[in-house]
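Work through the exercises below with the sequence and the structure open. Each task is followed by a solution in steps.

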Amino acid sequence: MSARGGALRRRASEGAAQAVLGGPGGARHLWLALLFIVPFYAILAIAAGHVNQVFGYPVAVWNPLQWSAANFTAAWRDVAGSTAFVGPIIVRTIVYVAVASLLCLLIAYPAAYFVARFSGRRKGLFLVLLIAPFWISYMMRMLAWIDLLQTGGYLNRALTFLHLVSQPVNWLGGLPATVVLGLVYGYIPYLILVLYAGLDRIDPALIEAGRDLGLGRVRTFVRVTLPLSRQPIMTGMLITALPMLGDYFTNQLLSGTTGTTMLGNVIDDQLSTPGLQGEGAVFALLLLLALVVPMVYYVLATNRSSREAA
Amino acid sequence: MTTTGTAAPAERPDTETRNGLSRLRPQPNPWRHPWLLEGFTWLYLIWSLVPIGLAVLFSFNNGRSQSVWQGFSWRWYFADPLNSVLHDPALHAAVVQTVRLGVYTTVIAVPLGVAFALGINRWRGYTASTFNFVMILSFVIPELIFGVAMFFVFTALFTFVHLGTLAQTLGLITWNVSWPAIIVQARLVTIGKQYEEAAADLGATQLQTMRRVMLPLLAPAIFASAVLVFSSVIDDFVIVDLLYSNAGNTPMSVYIYSQQRGGNGGPALNALGTIMLVMSFVIALVGYFAYRWMTRGERSDRKEALSTIAGI
C-alpha cells in the first residue's frame, strides 16, 4: 500500500462516515451522550432527587452536590427495614430466573446440538422451525399458553381424561411452576439460536479426530464438543437470564397474584404510582448495577468471538 | 454429514484373536443416526409451535371462548359489527399504531444505524470502541431498565416530548439502532476496504464513493436490518408499554396485555396476535427472498440468508 493510497483511503472513509453523520468530531460524542449517558443519568437524577409533596411527581436533581438519599433510604426500608416486602421478592426473582435459565439450557442444548451436527440436508427446515418463535410476538406466545392452561382448557381436559388429576388444575391462579415455564417458553428461542450458532461453528474435523482416536460417542462429546461450546453457553445464558430479571409481563399474564411477584413488577408498579417513582428509579438503578459485571462480560465475549470469526 | 470411510471400526485381526468370542458381539455403528436426539428435538419443536397454532385457531372461534372450539368463523376479524378487529375502534387503533411505529422507527433507525456502522468501522480509538460497546450492550440490558430510563428522560428532562407516539418512536429508535449498526458493520468487515480504495484511486469523491460503491455493496445488510427493525418493533412490548399515554397510541402488544390482564380476554385478542404473526412472517419472507436476490452471484447459501434475516 503506497503512502498516497493510504492517505486517500483514510480521507475517503472518514469523509464518508462524517458525511453521513453530518458533522465533525463533535457530532459522534453528541450521539453517544443522547443514546446512552443522558437516559441513565436521568434515572440517577430521579433516584437521587426528591418527590413533590403535594402532587407526588418526582423532581429530578441534576446537580450531584444537591443529591438526597431520601429515595435510597425508602428503598432500603422496603428491602430490609420496617416495611420489608421487596427482600423476599428479590430472592424469588433470583430463584425463578435461575431455575428457568437452567431449564432453558437443558432443553435448548440437545435441540441445538442435534440441528447443528446431525440434521444433515434437513438443516434448513430445522433452522426455520427453530427461528419461527423468534418472529412471533411474545404476547401471542403467552396468549397461546393462557388458552391452553385455562381451567376448561385443553391441558386440563387431557389430564382429566387420562385420570392424572381428578379436578381441573387452576394453572393460572398463581402457581410458581406456571410462571417459570412461561419464562422458559418465552426466552428459550434466543438461547437456542445462540447455541446453534456456536455449535455450528465447531470444526467437525475436531470431533472426527476425537472419534478416530478411539473416544466413544459420549466421551467425544464430554471431552471435545462440550469444552468447545462453553463460550456460547455462557453468552446464551446471559442473553436469556438478564432480560428475565427485568420481566414483569410474564407473571402478570400467567399468574397475576402477589405470590409470584418479581422485581420487574415492583419497578413497573412503582413507576405508575405517584410518589413512588423515585423509589422505582432506585430499584432500576440497583438492578442495573447488579448486572454491570455480567453485561460487560457478555460484550467482551461477543467482541472476542466476532474478532475470531473475522 | 460426516465423512465415514476412515472412521469405520477397524476389524483388527490381533484384537479379534485375543478377545475371542467377545468380539463377535455386534458393535454399534459409531456414525448411526441419533434418533433419541432427533426425537427430543421434534418434541421441543412441537412444544414450541403447537400452542401457537392453537392460539391462531382460536382466533377463528365462533364463540367467546379462548379454550373451547365452537366452530369456524371470521367474526373476530371483520364479520362481527361491534367486536371485530375491523369494527372495534380500540382494536383498529392498535393495529394502526403498531404499523405507524414500525414505519417511523425503521425509516429513522436504519440510516442512523448505517452511519454508526460506518463510524465504528472507520474511527480509531475510544469512540469507536465505546460505540461498539453500547451497541452490543443493548442486546443484554434488560429492556425494563432501558424503558425506565426513557420514561424519566421524557417525563423529567425533555418534557416537551410528551408520552405517546413521539416518545415511543424515539425510544424504539434508540433501542433498535443496534441491529443495522451491528449487521452493516459485519458486512463492512466482509467486503473489506479494497473497493473503496479502488474508487478513491480512480478519482471518485467521497460522496461518489459512498453512493456508487459502498451503498450498493451494503444494500443486502441494510435491507436485512430494516426487516429486523420493523419486525422487532411489531413485537416490542416493554418500551411501548412504558411510554404510551392513552388509547390512541396503544399498540397491539400493549392492548393484548392490558385486556388479557384485566380479564377481558377473548378471541379478538387472538385475532390481534394472529395479525401480528402474519405481519412478521410476511416481512420475514419478503426479507428472505429479497436478501437472496440481492446477494445472488455471491458465494452465499440459503442458511446464510436465513441466519442474517434472523439476526444470528
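Helices here are DSSP runs of H or I with at least four residues, and strands are runs of E with at least two. The model is predicted.

**Exercise 1.** State how many helices and strands chain B has, and in what order its elements run.

Solution. 
- Step 1. Counting the runs in chain B gives 14 helices and zero strands.
- Step 2. Read from the N terminus, the elements are therefore α-α-α-α-α-α-α-α-α-α-α-α-α-α.

**Exercise 2.** Determine what percentage of chain B is buried, and what percentage of its contacts between residues at least 6 apart in sequence join residues at least 24 apart.

Solution. 
- Step 1. A residue is buried if 20 or more other C-beta atoms lie within 10 Å of its own. In chain B, which has 312 residues, 47% pass this test.
- Step 2. Take the contacts in chain B between residues at least 6 apart in sequence; 69% of them join residues at least 24 apart.

**Exercise 3.** Describe how helix α4 (residues 89–122) and helix α7 (residues 165–176) of chain B pack.

Solution. 
- Step 1. The two axes are 9 Å apart, and the angle is about 45°.
- Step 2. Angles from 65 to 115 degrees count as roughly perpendicular and those under 35 as roughly parallel. The angle found here makes α4(B) oblique to α7(B).
- Step 3. The crossing of α4(B) past α7(B) is right-handed.
- Step 4. On the α4(B) side the contact uses B:R100, B:L101, B:Y104, B:T105, B:I108, B:A109 and B:L112. α7(B) supplies B:T165, B:Q168, B:T169, B:L172, B:I173 and B:N176.
- Step 5. Sorted by class, the residues of this contact are seven nonpolar, five polar and one charged.

**Exercise 4.** Characterise the side of chain A that touches chain B.

Solution. 
- Step 1. In chain A, 90 residues are in contact with 86 residues of chain B.
- Step 2. Helix α1 (residues 3–21) of chain A gives the largest share of the chain A side, twelve residues.
- Step 3. The chain A side comprises 64 nonpolar, 16 polar and ten charged residues.

Methods. Residues numbered from 1 in each chain as written. Chains lettered and ligands numbered in written order. Predicted model: local features only at pLDDT ≥ 70, side-chain atom pairs only at ≥ 80, totals over all residues. Contact = placed C-beta atoms within 7 Å. Nonpolar A, V, L, I, M, F, W, Y, C, P; charged D, E, K, R; others polar. Axes fitted to C-alpha atoms, helices over the stretch in contact; angles between N-to-C directions. Parallel < 35°, antiparallel > 145°, perpendicular 65-115°, else oblique. Left-handed = near helix turned anticlockwise from the far one by under 90°. Buried ≥ 20, exposed ≤ 12 C-beta atoms within 10 Å, placed from the backbone.
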